[in-house]
Amino acid sequence: QVQLVESGGGLVQAGGSLRLSCTASGRIFSTLYMGWFRQAPGKEREFVSVITLTGEGIGYAESVEGRFTTTRDNFKNTVYLQMNALKTEDTGVYYCAAAGDWRGDSWFRSGQDIDFWGKGTLVTVSS
C-alpha cells in the first residue's frame, strides 16, 4: 500500500507563488506515475498535471500550462508542484495521485481508477 502525504498549501495573494510537495512511502517511488489534481469548492475534481517515472514525460491542464511546473525527486520520494502567477480560480484542495501502471494519458487525466491518493492540501488564493 502506498501512502501519499501532501504539504505546502496555504493562503497566498493573486499573482503569488506556492510550492506543493507530495511524499510517498510504501513502494519504490520510481515505479509510480505521479500527478496532481484539484477540487474547487462546489466543483468536481480536475486534473492538474502528470509526470512519468523518471520525469521525462510531463503533462498539464490547459488552465495551468505555463504557470505551474511539476518535477519529481526519486531519491527523496517526492513530487512537487510549483505554482506561479496564481489566480483566484486556482483555489481548491490539491491532491497528489499515484499509479503503478500506465493506461494512457487520457486515462490518467480522467482521474478514474487511479491507485493511490493523498488526503489533500488546501490552497487559497485571495484577490
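Where does Thr-52 lie? Thr-52 sits in the loop that runs between strand 5 (46–51) and strand 6 (58–60); strands here are DSSP runs of E, at least two residues long, numbered from the N terminus. The model is a predicted one, in which local features need pLDDT of at least 70 and side-chain atom pairs count only at pLDDT 80 or more, while totals for chains, interfaces and linings use all residues. Residues are numbered from 1 along each chain as its sequence is written, and side-chain values use heavy atoms, with hydrogens and water left out.

Thr-52 has a relative accessible area of 14%, so Thr-52 counts as buried (under 20% relative accessible area, with a 1.4 Å probe and protein chains only). Setting aside neighbours within four places in sequence, Thr-52 is in contact with Tyr-33, Gly-57 and Arg-72, contact being heavy atoms within 4.5 Å.

An open sheet is built from 4 strands in the order 1-3-8-7, with antiparallel pairing; two strands pair if DSSP finds at least two bridges between them. Strand 1 (3–7) and strand 7 (68–73) are at the edges with a single partner strand each, so one side of each has no neighbour in the sheet. From one strand to the next, the twist averages 15 degrees (axes are lines fitted to C-alpha atoms, and angles run from 0 to 180 degrees between N-to-C directions).

Strand 1 joins strand 3 (residues 18–25) through 5 bridges, in the antiparallel sense. Here Leu-4 stands opposite Ala-24 of strand 3, and Ser-7 has Ser-21 as its bridge partner. Strand 3 also pairs with strand 8 (residues 78–83), again antiparallel, over 6 bridges, and Thr-23 faces Thr-78 in strand 8.

Key. Buried means under 20% relative accessible area, exposed over 50%, partly exposed in between (1.4 Å probe, protein chains only).
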